[in-house]
Structures are given as C-alpha cells and as structure tokens.
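Let's take a walk through this structure together. Have the sequence and the 3D view ready.

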Amino acid sequence: MTQSLVILTGSGISAESGLGTFRDTDGIWAKFDWQVLATPEGFRTQPENVHEFYNARRAGLKKAEPNAAHFALAELEKAWIARGGDFLLVTQNIDNLHDRAGSERLIHMHGELNKMRCEHCGYIHEAFDEITVDLPCLNCRQAGGLRPHVVWFGEMPLEMELIYNQLESCDLFVAIGTSGTVYPAAGFSQIAKQVGARCIEINLDDTETSPIFDEHRKGMATQAVPAWVAEIVG
Ligand code: BV8
C-alpha cells in the first residue's frame, strides 16, 4: 500500500463554494491588479487598497461553506492515518474551508485570510472583520503595522522545510484545482516525480504541469474528488 500521501490544492477546490479562482477568464487577477494588491511594494504604497481587497474577500468567505471535495479530503485523511499511512494536505488557498471541513494535517503555505500580522512586533492575530491602517496591534498596541497574514509575490511561502521533507519521502502526490503557475507550489509535482511518487492531477482542464502527472482525473472538484477518495477508501 502507498504509505506517504501529499495533496496540494489550489483555488479550483473552493470554486464551487463560490470563492473566486485567480487565472480563469473571470478570475481575481483578471479584475484586480496583483502587483498592487498581492505584493509587499503594493502594501507599502497603497495599504488602504490592499486592506479593502482582503476585507472584501474576508467578508465573502463568511458566506462560503466547505464543499464535497473539502469533506472528502478530510475523510481521506482519517482513513489514511487509520491505516498507518503518512498524510499531508498543503493548500495554496487562504480560505478556511479545509479547516472547517475537518482537515487537520494541513498547511496553508500562502497564509490565511482570517489572520493578520503586526509588522512592528510580528504578533499573529485572528482577523474575522475589517483590518484598517489605524487598527492597533493587540500585542504591542502600535497602530499602522497590521497586514493580512498572507504570502504575497516575492515573499517566502510558509512551512517550506516541512513541505519539502514530506514531498521527498512521498509515494503518492495529488494536485487538485491548481493551474501549476505559481512557484514554488508549481514545482512540487516535479519533486514528487523525481523521488518516484505516483502523481495524479485532478482538474477541470489540462494545466502547465500536466505532462508531469501519471494520471489525470478531469471534472468538477465536487464530483472528481469524492469519486477518487471513494476508490481509495474503498
Ligand atoms: C517566492 C496571495 C521566493 C494570496 C498569491 C518566474 C519563474 C518562476 C517563479 C517566478 C518567476 N517570477 C516570479 C516568480 C515567483 C512567483 C511566481 O511563481 N510567479 C508566477 C506568476 C510566475 N512566486 C512567488 O513570488 C512566491 N514566492 O517565489 O518567493 C523567495 C525566495 C527566497 C526568499 C524570499 C522569497 C509567492 C507565491 C504566492 C503569491 N501569493 N496569492 C492570495 O491573495 O490569495 S498567488 C495566488 O496563486 C494564490 O495564492 C493561489 O493560490 C496561487 C495559485 O493559483 P491557483 O490556486 O492555482 O489558482 P488558478 O486560478 O491559477 O487555477 C485554478 C485552477 O483550478 C485551474 O487549473 C482551473 O482549471 C481549476 N478549476 C477551476 N474550477 C474548478 C477547477 N478544478 C476543479 N473543479 C473546479 N470546479
């Protein structure tokens, strides 16, 4: 039996929960300028616009629910561990739908929408409502330093050492609902392939990294993911 499973998810797994993807024709980056809203430079020069962008997404997240794909991965985690396997779910998504579906061995490599970080003291707070420029930090009490605890372009994603350790010893790597465009996440399939893991891609379409994968399961995540999990869990 394959022992060590690493799953990578992208915005496609949350699309049917009503949250936007990034590079589809009507995607987030088609409407908003990532160079202003998802870079440290953009935050330095236009913090109000960046806060407005993430405040709107945080409000939208309150109306979203985990879907069948999120719940299927939480069920798979429990079954996989019960059989003595090693399991890690890495998400590029900053929504909390995997968390709310019950996933526990979960890393948010691009951060979390419902968290904010103080640039003065580094303290990470829960953030469920609006962040404004003059909101004081709960820890150091200074204002003007709070930012979304989100990884922007040019910033190092989180928990990379742990992720690479898992990738380098995995037998099975599954990428779900991601276009394979953004690095280092888009390079994970290459690493898994190099260490001899079987690589499966679950997506609506082909992606930039499709040639690396051994198997392609096409379809909407809420159908394709539960079907795959049912085969595994048996
Ligand atoms: C870093 C913020 C280094 C959070 C995001 C040239 C070559 C290689 C790399 C680079 C380069 N130039 C610059 C870079 C680096 C850059 C990068 O990769 N740029 C790309 C665009 C070329 N990467 C970075 O900057 C990263 N950091 O490299 O740091 C470093 C080194 C040392 C020290 C310091 C730093 C940081 C990357 C993170 C940036 N943050 N967003 C937020 O606001 O959400 S990126 C953004 O893209 C999101 O995080 C998102 O998760 C991520 C990936 O997008 P996807 O999730 O894949 O979404 P997408 O819309 O693209 O695709 C959706 C897919 O779902 C599609 O395939 C679609 O078919 C499918 N789908 C849709 N509906 C469904 C579905 N599938 C199934 N069912 C459905 N219903």
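What follows looks at the ligand and its surroundings, then at the cysteines.

A quick word on ground rules: this is a predicted model, where local features need pLDDT of at least 70, side-chain atom pairs count only at pLDDT 80 or more, and totals for chains, interfaces and linings use all residues. Residues are numbered from 1 along each chain as its sequence is written, and side-chain values use heavy atoms, with hydrogens and water left out.

Where does the ligand lie? Domain 1 (1-19 + 67-110 + 156-234) and domain 2 (20-63 + 116-150) both give residues to the shell around the ligand, so the ligand lies between them; those bounds come from an automatic or database domain assignment.

Now zoom in on a few polar contacts (pairs of N or O atoms within 3.5 Å). A backbone N or O atom of tyrosine 183 sits 2.7 Å from an oxygen of the ligand, and for asparagine 203 a polar side-chain atom is 2.7 Å from a ligand oxygen. Glutamate 155 uses a backbone N or O atom, 2.8 Å from a ligand nitrogen. On its own the ligand would expose 1500 Å², and the protein buries 76% of that (Shrake-Rupley method, 1.4 Å probe).

How about the cysteines? The whole structure has 0 disulfides, a disulfide being a pair of cysteine sulfur atoms within 2.5 Å. The sulfur of cysteine 118 has its nearest cysteine sulfur, in cysteine 121, 3.7 Å away. For cysteine 137, the closest cysteine sulfur is also in cysteine 121, at 3.6 Å, too far for a bond. Cysteine 137 is buried at 0% relative accessible area, where buried means under 20% (1.4 Å probe, protein chains only).

How values were computed:
Buried < 20%, exposed > 50% of the residue type's maximum accessible area, 1.4 Å probe, protein only. Polar contact = N/O pair within 3.5 Å; in protein donor to acceptor, adjacent residues only side chain to side chain.
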